[in-house]
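Student: I have not worked with this structure before. Could you take me through it step by step?

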Amino acid sequence: MDPTDPTVAEPAALEQPVDNPGIEEHVERWTDADEAAGNRAYRQVVGMFALVPVLAIAFVVIYFAVPNTLRINLLGMTVGAQHFWLGLTLGLAILLIGVGLVHWAKQIMDDNEISEERHRIPSTDQVREAALAEVDEGVEQTRLDRRRLIGGSLLGAVGIVAVPALVTLADLGPWPTPSKIRETLEKTVWAEDVHLVTDASYHRLRPEDIRIGTLVNAQPEGMTDLEPTEYQRAKAKASIVVVRMDVNDINVPESRQDWHVGGILAYSKICTHVGCPIALWEDQTHHLLCPCHQSTFDLGDAGKVVFGPAARALPQLPIRVNEEGFLVARSDFTVPVGPSYFERDLYPEDEGR
């Protein structure tokens, strides 16, 4: 007897505290004894897997058809109808997959009981080969070669369950279609004849209120009437700085000759690098510095970048004086404000032209 053979038990291992009871007498399952019962269990498993795609489709329909504001009364509690039905359909789909797998294993797969003596941890080549043979035998016992519809329905059920998860990605925000981008990222609340007001006191601005060398933080009039969330979104895009410089000291592109009022210019306050608010003004150089990454823009030269990581000039807001003598916008910004994004087109204004 070779003591290094892992199949040979240690002498101490032969000592048993109780007699080995062995394996109880095998009782044949009803589904093995009765062909009709076996076929019925087979249909039940396939039926459970087949219901999963139906529930997944119902999940998608509910997601788009049921308003998320609809409420229902459930056991004395008011709950969101959409959340309730989404949870019910997806929960049942996952439950049916689990129950179907258990029913398949207990009623259809081979019902053989085995026992095996413990052995040392290292395995011989013969033991590994035996293990692989057992795996092959387990695959054979699934009976998928004779009941292939179970495998197909299971794969379909597991695959379709991924659809509800993908659909819920729509909650991350609106789809970035070109039209949606134009309505959101590329649009602010600025429009024709909207008054320029100070950022803190909301006073309308007149040209005589702004001296040469002065920088004023401003925003469009009427934003305080917006709902708080909408106000923050609007302000994040519409905030501007208004500066006045000597007309003889600034370079105004030919396309922007009517965008300023006697050397008063309005630029976006949002850095074109990563969107930080800018307000560090150097009067002598006409430079505006971003405090985050030191991007520097020359407001005396169409907002061009003169230093730092920003790649686009600051967008300029066209302004004029109305009949009452107040500064108002001619239109919205002609280019998108803020940092760049993949879908953004390039414009001549990005280079200060």
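Tutor: The conversation below moves from the sheet to a cavity and then to single residues.

Tutor: This is a predicted model, in which local features need pLDDT of at least 70 and side-chain atom pairs count only at pLDDT 80 or more, while totals for chains, interfaces and linings use all residues. Residues are numbered from 1 along each chain as its sequence is written, and side-chain values use heavy atoms, with hydrogens and water left out.

Student: In what order do the five strands of the open sheet come?

Tutor: The order is β3-β4-β5-β6-β11, with antiparallel pairing. Strands here are DSSP runs of E with at least two residues, helices are runs of H or I with at least four, and both are numbered from the N terminus. Two strands pair if DSSP finds at least two bridges between them.

Student: Which strands stand at the edges?

Tutor: They are β3 (196-198) and β11 (316-317); each has a single partner strand, so one side of each is left without a neighbour in the sheet.

Student: And how is β5 held between its partners, by how many bridges?

Tutor: Four bridges pair β5 with strand β4 (residues 215-220) in the antiparallel sense, and five bridges join β5 to strand β6 (residues 264-268), also antiparallel. On the β6 side, Ile240 stands opposite Ser268.

Student: Why is β5 described as largely enclosed?

Tutor: Four of the five residues of β5 (residues 240-244) are buried, so the rest of the structure largely encloses this strand. Buried means under 20% relative accessible area, exposed means over 50%, and partly exposed lies in between, using a 1.4 Å probe and protein chains only.

Student: New topic: how many cavities of 30 Å³ or more are there?

Tutor: There is one. A cavity is a set of points, on a 1 Å grid over the protein atoms alone, where a 1.4 Å probe fits but cannot get out; lining residues have an atom within 4 Å of a point. The largest cavity holds about 30 Å³ of space, a volume being the space filled by probe spheres set on the points, which are joined across faces, edges and corners.

Student: What lines the largest cavity?

Tutor: Its lining includes Ile250, Pro253, Leu265, Tyr267 and Gln316.

Student: Now Ser153: buried or exposed?

Tutor: Ser153 is buried, at a relative accessible area of 13%. This residue belongs to helix α5 (residues 148-167). Not counting residues up to four places away in sequence, Ser153 touches Val46 and Phe49, where contact means heavy atoms within 4.5 Å. The Ser153 side chain also reaches the backbone oxygen of Ile150 at 2.9 Å.

Student: What about Tyr63, where does that lie?

Tutor: Tyr63 lies in helix α2 (residues 35-65) and counts as buried at 10% relative accessibility. Beyond its neighbours within four places in sequence, Tyr63 is in contact with several residues, among them Gln82, Leu86 and Val167.

Student: Which residues other than glycine have a positive phi?

Tutor: Leu75 is one of them, with phi near 55°, and Asp193 is another, with phi near 70°. Most residues other than glycine have a negative phi. Leu75 is found in the loop between β1 (71-74) and β2 (77-80) and is exposed, with a relative accessible area of 79%. Asp193 is found in the loop between α6 (178-183) and β3 and counts as partly exposed at 37% relative accessibility.

Note on methods:
A polar contact is a pair of N or O atoms within 3.5 Å; within protein, one must be able to donate a hydrogen and the other to accept it, and residues adjacent in sequence count only if both atoms are side-chain atoms. On a 1 Å grid over the protein atoms alone, a cavity is a set of points where a 1.4 Å probe fits but cannot get out, and a pocket is an open set with protein on both sides within 12 Å along at least five of seven lines; lining residues have an atom within 4 Å of a point.
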